[in-house]
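This briefing concerns the structure shown below. Please read the points that follow alongside the sequence and the coordinates.

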Amino acid sequence: MKKTTVVQPYDLESINIKNWVTKSNILIESTYKLSLQEQRILLIMASKVQPNDETLKTYRFRAKDFIEIVGNKKGTGFYSYLKEIVNGLQTKILTIKEKGRQRNYNWVITSIYEENEGYITLQFHPSLKYLFLELKEKFTSYQLENVVRLNSVYSIRIYELLKQYERLRKRELTLEELRHFLAIEPTKYKQYGHFKSKVLAVAQKEINNKTDIHFEFVEIKTGRKVTSIEFIITSSPGVNVSSTGKEKEPELNPPSLNFKKNEKESSLDHDLVSLGVKPEKIEWILSEFSQEQVERNIRYTRERLITGGITHPNSYVVKAIQKDYAEVSKESKLIKQKKISRKELVPDFITKTENKEKALDNSTLKEKQELFFKENGTQVEFEERLLQFQELRKMLVLSSDEPDKEDVKKAEEAALQEVIRNMKEDLKKREEVGLEPRLANDFKDKELKMIYKMFLQNKNLSEV
């Protein structure tokens, strides 16, 4: 009788959107064309790769789990669609250009859909090991939840390209480079207007609303033609929550946090704890900013505490580090000293006006836009300012012993008018420097979003 060998199936893997995806920057800047669901499946696979793995393992998932995370839960049609995607993954090609050579790889060596059991078995091609494992430098990490629910293939790729430069705060790409990274065919979105509305605007809306980074972009022109895009990138920590609204512990820490803290980091850790900063926020700070920037802003915060300038050191020190208040304060003092030395020669009000006019006259559009972002801050900061106007009016009324309904109503109306005035001023400034108006969906606060919609509607009606 012939002996039958029973092959043990691979262990079933769970899908946790809090897992970390770590990729070599070579992979992030490579060229490949995948559908949205193909990208999501490969990202879920990448989130299962652990830093201490020696090889790229084979993973077995429930098809149902995939669909709950990335697909349409209605009907059985999506199972057939998923089967086609899985079975076709082995034909998908990744192109890597490195050291003057171009190499083509298959993404996966194993892709099996077990129809009766409802299981999927997948394995990255072994040749891709150097793009996922043993990464010592030039890699990018982010949590799976930031990309797995983005609804545009371009949003996912742009997120990775910007996340790679998050610490530098800026990234400039020519339109040619951007189209190359996004694998957009030469005949598609040939007009910049179409590219802007179908690719950039969609990605901006999705990334700003759903991920841990926020970006604005500046159009750089050669003559009248837009030839490059400069992205201004801002971190938005703490925006990610699971589908249930509850935080989950990630299965592994980002690689930058896997190493033992040195003495300097331990000292900074202790200083931040003493100021009331939470441990999870401390981890983010120490991984995101240089030790020098953290140290000088801790010192700056303590100086402000002594002079009585702040009441909530835990939140103040975090913002000080993010905005580098210590360095800004130092630069402000130097500028002030220079102005004082010139004050005797020219009246101050004339100097300020002339300098500002000259700066604007001599500035390129790009410089004007950069100045706008420097003076007006990010979307998050703009929103915070608007919320402060509302709170301030309410506090003034509630500070009285017995505020009546009429007083409260007047305060709310005054706050609303102040918010609208700031929105109007912001829109005017953006138009002056050639920036698109803010989108209502940029606002996280529901009340501000509603006010902004109302403001835009009234504006449009007044222009008719």
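Phe382, Phe443, Tyr452 and Phe455 form one aromatic cluster in this predicted model. Rings of Phe, Tyr and Trp (its six-membered ring) pair if their centres lie within 6.5 Å, with planes under 30 degrees apart counted as stacked, over 60 as edge-to-face and the rest as tilted. The structure holds eleven such aromatic pairs.

As this is a predicted model, local features need pLDDT of at least 70 and side-chain atom pairs count only at pLDDT 80 or more, whereas totals for chains, interfaces and linings use all residues. Residues are numbered from 1 along each chain as its sequence is written, and side-chain values use heavy atoms, with hydrogens and water left out.

**Aromatic cluster**

- Phenylalanine 382 and phenylalanine 443 form a tilted pair, at 6.3 Å centre to centre and 55° between the planes.
- Phenylalanine 382 belongs to helix α16 (residues 379-398) and phenylalanine 443 to the loop between α17 (405-432) and α18 (446-463), so this pair ties together parts that are 61 residues apart in sequence.
- Helices (H or I, at least four residues) and strands (E, at least two) are DSSP runs, numbered from the N terminus.
- The ring centres of phenylalanine 443 and tyrosine 452 are 4.9 Å apart and their planes stand at 40°, so this pair is tilted.
- Phenylalanine 382 and phenylalanine 443 are buried, and tyrosine 452 is buried as well.
- Buried means under 20% relative accessible area, exposed over 50%, and partly exposed in between (1.4 Å probe, protein chains only).
- Arginine 438 lies over the face of phenylalanine 382, at 4.1 Å from the ring centre; the criterion is NZ of Lys or CZ of Arg within 6 Å of the ring centre and within 35 degrees of the ring normal.

**Helix α11**

- Helix α11 (residues 291-306) has 16 residues, which at 1.5 Å a residue should span 22 Å; its end C-alpha atoms are 23 Å apart, which agrees. The expected span is 1.5 Å times one less than the number of residues.
- In α11, Gln293, Val294, Asn297, Ile298, Tyr300 and Thr301 are buried.
- Viewed down the axis of α11, the buried residues fall within an arc of 165°, so they line one face of the helix; the arc is taken over the directions from the helix axis to the C-beta atoms.
- The face of α11 turned away from its buried side carries the exposed residues Glu292 and Ile306.

**Whole chain**

- The chain has 18 helices and ten strands.
- Of its 464 residues, 43% are buried.
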